[in-house]
Amino acid sequence: PRERGVQAPRQVLEAEEVKEARRALLMWEDFRQRKSITKVKKMREDQRALPIYLYRDQIIHAVRNHQVVLVAGDTGCGKSTQVPQYLIAAGFANVACTQPRRISTMSL
């Protein structure tokens with residue numbers, strides 16, 4: 001027995017309800033994409049602000065022309081996080097990054 005005024009759930013949505021749901025989903029997806037794009041833009045800006053970014057092309061050139069390349073710089077300049085990305089983006093397939101301490105290696 002049903003309570004008075006309570007309707008049974010419908011099994012089929014009306015065409016207008018489907019359109020409204022689609023609009024809501026599109027708005028939600030648009031919101032998520034914009035949020036994601038904003039995060040990517042911020043990340044790119046942060047990467048360009050690192051001191052190592054100024055030497056990006058020189059590092060890639062050195063790796064192309066020499067068997068061994070050592071990159072030295074202050075802590076936090078982007079050596080460990082950015083140089084491998086630069087090399088992969090430049091088309092290098094095998095990239096290794098060594099660390100002097102085990103804990104640093106594990107965090108990468």
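1. The largest pocket of this predicted model has a volume of about 820 Å³. A pocket here is an open set of points on a 1 Å grid over the protein atoms alone, where a 1.4 Å probe fits and protein lies on both sides within 12 Å along at least five of seven lines. Its volume is the space filled by probe spheres set on the points, which are joined across faces, edges and corners.

2. Who sits around this space? Lining residues have an atom within 4 Å of a point. There are 28 of them in the largest pocket, and the closest to its centre are Val 71, Lys 79, Ser 80, Cys 97 and Thr 98. Helix H2 (56-65) and helix H3 (79-89) each give two or more residues, with the largest share, six residues, coming from H3. Helices are DSSP runs (H or I, at least four residues), numbered from the N terminus.

3. By class, this lining has 15 nonpolar, 10 polar and three charged residues. Ala, Val, Leu, Ile, Met, Phe, Trp, Tyr, Cys and Pro count as nonpolar, Asp, Glu, Lys and Arg as charged, and the others, Gly among them, as polar.

4. Now for the second largest pocket, with about 150 Å³ of space. Its lining includes Arg 44, Tyr 53, Gln 82 and Tyr 86. Helix H1 (15-49) and H3 each supply at least two residues, and H3 again has the largest share, four residues. The classes divide into three nonpolar, three polar and three charged.

5. A reading tip: residues are numbered from 1 along each chain as its sequence is written. Local features need pLDDT of at least 70, side-chain atom pairs count only at pLDDT 80 or more, while totals for chains, interfaces and linings use all residues, and side-chain values use heavy atoms, without hydrogens and water.
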